[in-house]
Amino acid sequence: MARVPLNVYETKTNRKKLVKAYYGKASCVGMCAIHEETYIQCTRTDERSAIIPTALIEEKAKRDTPGIQALTITKKHMMASLTRLTNDEETEKLAIKTLPAQARL
């Protein structure tokens, strides 16, 4: 998982295709625009998930950075999806405090 500012996606020339938009050695599970601190729910293929505050994800300078491991994965179960959540008391209670997060039911 990586947090990249939008200004690094500005191109210097008129290209029809954006090259190296994300890290190419791993499959892209999802992207979302974050304008303020919020929470992201990461779900694995075995339906376990973790709620991660975006404040724990440090900003990277390059757009094709490998990022950080936000969710513990195993050989059998990979990250399946990510969803942006709203800020409420229930979400704050369930949010994790450190990375990488252990997935919960």
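Arginine 44 lies in strand 1 of this predicted model. Its relative accessible area is 8%; because buried means under 20%, arginine 44 counts as buried. The side chain of arginine 44 is joined to the side chain of aspartate 46 by a polar contact of 2.7 Å.

Leaving aside residues up to four places away in sequence, arginine 44 touches Leu71, Thr72, Ile73 and Thr74, and also His77, Met78, Met79 and Ala80. Ala103 is touched by arginine 44 as well.

The segment before strand 1, which spans 39-44, contains alanine 33. With a relative accessible area of 42%, alanine 33 is partly exposed, whereas arginine 44 is buried at 8%. Along the chain, alanine 33 and isoleucine 52 are 19 residues apart, and their C-alpha atoms are separated by 15 Å.

Rolling a probe the size of a water molecule over the atoms shows where empty space is left. The largest pocket of the model has a volume of about 1100 Å³. Its lining is made up of 35 residues, and those closest to the centre of the pocket are Met1, Ala2, Arg3, Gly30 and Leu82. Sorted by class, the lining of the largest pocket holds 26 nonpolar residues, six polar residues and three charged residues.

Notes. Residues numbered from 1 in each chain as written. Predicted model: local features only at pLDDT ≥ 70, side-chain atom pairs only at ≥ 80, totals over all residues. Heavy atoms only, no water. Helix = DSSP H or I, 4+ residues; strand = E, 2+ residues; numbered from the N terminus. Buried < 20%, exposed > 50% of the residue type's maximum accessible area, 1.4 Å probe, protein only. 1 Å grid on protein atoms, 1.4 Å probe; cavity = no way out; pocket = protein on both sides within 12 Å on 5 of 7 lines; lining within 4 Å. Points joined across faces, edges and corners; volume = space filled by probe spheres on them. Nonpolar A, V, L, I, M, F, W, Y, C, P; charged D, E, K, R; others polar. Polar contact = N/O pair within 3.5 Å; in protein donor to acceptor, adjacent residues only side chain to side chain. Contact = heavy atoms within 4.5 Å.
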